[in-house]
Amino acid sequence: MARLSLLSAILLHLVVVSMQQGDDEALEIRQRFNSTSVSMINDQIQREFNAMYLYETMASYFGRPSVGLPGFKKFFKKAADEEREHAHKLIDYLNMRGGHVRLKPITPPSKFEWFSALDAAETALGAEKNITLELYRLRDRADMESDPHLVDFIESEFLTEQVTGIRDLRELIARLNKAGSGLGELILDKELN
């Protein structure tokens, strides 16, 4: 019995030392990359996956035979793919810098049907504005922490695309407002397809 306890204690010690070495390895490459930035990036990964779910839901909705707007389906499917790509860029970045990825639950969208393409585009615009705001907060935090690498990563990989995406959604909303529902929506759908 005493041998088993001694063996258990030795194994437990080896596991703890091994875990500490893993953390030490992460700290060796984690220069100017603090735990707050790591946490904020993990939160951003969740936001990107949540947006992906939202856009997948929109694509599914517009792809229904009863809705019949394949151009909007394609538009939102592309948006979902971009959000998934953003999440994976952030995951790869965390791994490169020695951070630990902590995936969080994906929150389903609050709705699964839209009154119109305009309603969906306005919902998407709100989501993109929120994501952009959080990216600015992450960028500002990295600047405050004197982490120029993270600042450059956020600016070069995300912010320009976010600003362009918001502009494109605003233009789409303006066009949908001018075109109106019904035939106008169908004409815009053809243009997106």
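Contact here means heavy atoms within 4.5 Å. This is a predicted model, in which local features need pLDDT of at least 70, side-chain atom pairs count only at pLDDT 80 or more, and totals for chains, interfaces and linings use all residues. Residues are numbered from 1 along each chain as its sequence is written, and side-chain values use heavy atoms, with hydrogens and water left out.

**Stop 1: the annotated site**

Now centre on Glu48. Glu48 sits in helix α2, residues 35-63. Helices (H or I, at least four residues) are DSSP runs, numbered from the N terminus. Glu48 counts as buried, because its relative accessibility is 0%. Buried means under 20% relative accessible area, exposed over 50%, and partly exposed in between (1.4 Å probe, protein chains only). Show the neighbours of Glu48 beyond four places in sequence: Glu83, His86, Ala87, Leu90, Ile131 and Leu135 are in contact with it.

Move to His86. His86 is part of helix α3, residues 70-97. At 1% relative accessibility, His86 is buried too. Setting aside residues up to four places away in sequence, His86 touches Glu48, Phe158, Glu161 and Gln162.

**Stop 2: the largest pocket**

A pocket is found on a 1 Å grid over the protein atoms alone: it is an open set of points where a 1.4 Å probe fits, with protein on both sides within 12 Å along at least five of seven lines, and its lining residues have an atom within 4 Å of a point. The largest one has a volume of about 380 Å³. Grid points are joined across faces, edges and corners, and a volume is the space filled by probe spheres set on the points.

Select Phe75, Ala79, Glu82, Gly165 and Asp168. Of the 16 lining residues, these lie nearest the pocket centre. Colour by helix next. α3, α4 and α5 each give two or more residues to the lining, and α3 gives the most, with 7 residues. By class, the lining has 6 nonpolar, 4 polar and 6 charged residues. Ala, Val, Leu, Ile, Met, Phe, Trp, Tyr, Cys and Pro count as nonpolar, Asp, Glu, Lys and Arg as charged, and the others, Gly among them, as polar.

**Stop 3: the second largest pocket**

Select Arg47, Leu54, Pro109, Lys111 and Asn130, which are among the lining residues of the second largest pocket. About 250 Å³ of space lies there. α2 and α4 each supply at least two of its lining residues. The classes are 5 nonpolar, 5 polar and 2 charged.

**Stop 4: Arg170**

Finish on helix α5, where Arg170 lies. Is Arg170 buried, partly exposed or exposed? Arg170 is partly exposed, with a relative accessible area of 46%. Beyond neighbours within four places in sequence, Arg170 is in contact with Leu125 and Lys129. Draw the C-alpha distance to Leu125: Arg170 and Leu125 are 7.3 Å apart in space and 45 residues apart in sequence.
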